[in-house]
Amino acid sequence: MPAIVLVGAQWGDEGKGKATDLLGNTGTAIDYVVKFNGGNNAGHTVVIGTEKYALHLLPSGILTPGVTPVIGNGVVVDLSVLFEELDALQARGVDTSRLVVSANAHVIPPYNRTLDKVTERFLGSRRIGTTGRGIGPTYADKMNRIGIRVQDLYDEKILEQKITGALEQKNQLLVKVYNRRAVEISEVLDELLGYAERLRPMVADTSLLLGKALDAGKTVLMEAGQATLLDVDHGTYPFVTSSSAISAGACTGAGIPPTRIDRVMAVVKAYTTRVGEGPFPTELLDADGEWLRQQGFEFGTTTGRPRRCGWYDAVIARYAARVNGVTDFVLTKLDTLTGREKIPVCVAYDVNGVRHDEMPMTQTDFHHAKPVYEELDGWSEDITGCRSFDDLPKNAQTYIRTVEAMSGAPISAVGVGPERSQIVMLDDRI
């Protein structure tokens with residue numbers, strides 16, 4: 001069977017769990033769910049009945065019986081967070097025994113958490129807006145070939161050599177630039193080795209595991225952390241994450257070749273949000289922005305930070321459709337817009353008097369982009385109980401059809417509430 005890639009089409013927090021439900025409701029049995037990038041710098045809130053789960057590092061498939069959740073080689077793993085999440089789920093009766101972790105995934109050492117925090121403070125007004133969890137420094141170590149991988153925990157000599165080599169550089173920064181104490185090699189070694197035996201049963205060659213699963217006719221869902229506009233190459237650089245969050249990143253981050261992928265689902269919110277610094281053309285710094293934040297409960301799962309809010313941006317959606325090769329969108333949180341008399345949609349940008357229907361080429365132009373809006377009629381009816389397109393108010397139907405026509409790919413489902421069951425299927429549009 002081919003693999004499926006699931007990505008975010010904006011700046012994250014789009015609600016990827018809805019897309020997983022779409023697949024289940026259309027009869028696609030998911031056997032493996034793979035996290036292929038990022039670390040515990042992004043969160044997913046999953047609502048199942050009356051239960052709400054906040055996941056940061058673990059793939060969402062950990063909550064679905066019969067699914068094998070996989071942390072791929074492209075992920076950076078904070079082992080303390082991993083076991084905190086596992087323990088919390090186990091305390092609530094969730095079976096976590098199926099989790100598999102790539103031997104090639106990189107580990108976030110404690111010194112990188114420290115460096116991430118002090119570097120952001122040092123940057124001041126030029127800060128990126130990271131979560132301070134050591135993600136960026138660990139990816140930098142990976143590219144500088146001084147990183148620590150999961151497999152290194154099982155060769156103490158190699159592990160000590162790697163820690164020693166890394167700290168020769170890191171301690172110079174901590175002591176001489178940031179006026180912090182040097183990190184002892186033994187501290188790091190003891191902390192990491194303390195997780196090794198508990199982790200050992202989970203460690204595998206995940207590329208081989210997934211390749212064999214696909215050969216056996218299993219369905220593999222590869223789930224991106226963060227989102228398209230946070231991709232290190234194709235996002236709003238430098239205000240991005242440190243990994244590849246688009247569909248192509250699934251190949252390197254999970255070890256699956258592109259020829260095995262035939263569907264790329266992108267999740268897009270019915271409005272737009274982002275967390276952290278960086279340009280945001282449709283951002284609302286007024287009562288409308290606060291209304292969206294409160295109606296949509298737009299606060300970060302990982303950090304609790306208020307999310308920046310704005311109207312739907314069709315330019316971004318078209319860009320996401322193009323760079324990801326999107327086969328279908330899942331539109332989420334449509335219910336948040338209920339109660340608006342008029343709903344603006346950004347259809348293009350004005351940059352110094354020039355209209356841009358596609359993403360501007362340069363960071364400077366994107367920073368100066370002003371949204372060109374079209375207004376659609378809103379609705380006041382409660383849509384949280386709708387389960388078919390015909391159940392929706394006419395103006396809500398028009399909103400869906402209009403943003404679909406603007407966004408470059410068909411919409412296959414619409415989220416109308418926070419629960420997994422609150423979804424409207426548009427099977428005739430897939």
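Reader: What makes Thr236 count as buried or exposed?

Author: This is a predicted model, in which local features need pLDDT of at least 70 and side-chain atom pairs count only at pLDDT 80 or more, while totals for chains, interfaces and linings use all residues. Residues are numbered from 1 along each chain as its sequence is written, and side-chain values use heavy atoms, with hydrogens and water left out. A residue is called buried under 20% relative accessible area, exposed over 50% and partly exposed in between, with a 1.4 Å probe and protein chains only. Thr236 has a relative accessible area of 7%, and therefore it is buried.

Reader: Where does Thr236 lie, and which residues is Thr236 in contact with, leaving aside its neighbours within four places in sequence?

Author: Thr236 belongs to the loop between β10 (220–223) and α8 (249–254), where helices (H or I, at least four residues) and strands (E, at least two) are DSSP runs, numbered from the N terminus. Contact means heavy atoms within 4.5 Å, and, once neighbours within four places in sequence are left aside, Thr236 is in contact with Trp11, Leu229, Arg274 and Phe366.

Reader: Why is strand β15 described as largely enclosed by the rest of the structure?

Author: Five of the five residues of β15 (residues 328–332) are buried, so the strand is largely enclosed. Asp328, Val330 and Thr332 are buried on one side, and Phe329 and Leu331 are buried on the other, which leaves both faces covered.

Reader: How do you know that β15 pairs with strand β11 and with strand β19?

Author: Two strands pair if DSSP finds at least two bridges between them. Between β11 (residues 261–269) and β15 there are five bridges, in the parallel sense, and Val268 has Leu331 as its bridge partner in β15. Between β15 and β19 (residues 411–415) there are three bridges, also in the parallel sense, with Val330 opposite Ala413 in β19.

Reader: What makes β9 and β20 the edges of the sheet?

Author: The open sheet of 10 strands has mixed pairing and the order β9-β7-β5-β2-β10-β1-β11-β15-β19-β20. β9 (203–204) and β20 (423–425) each have a single partner strand, so one side of each is left without a neighbour in the sheet.

Reader: Why is the pair of Phe83 and Tyr195 called stacked?

Author: Rings of Phe, Tyr and Trp (its six-membered ring) pair if their centres lie within 6.5 Å, and planes under 30 degrees apart count as stacked, over 60 as edge-to-face and the rest as tilted. A search of the whole structure finds five aromatic pairs. In one of them, the rings of Phe83 and Tyr195 have centres 5.7 Å apart and planes at 20 degrees, so the pair is stacked. Phe83 is in helix α2 (residues 79–91) and Tyr195 in helix α6 (residues 185–199), 112 residues apart, and the pair thus links distant parts of the chain.

Reader: What makes the pair of Trp379 and Tyr399 edge-to-face?

Author: Their ring centres are 6.0 Å apart and their planes stand at 65 degrees, so the pair of Trp379 and Tyr399 is edge-to-face. Both Trp379 and Tyr399 are buried.
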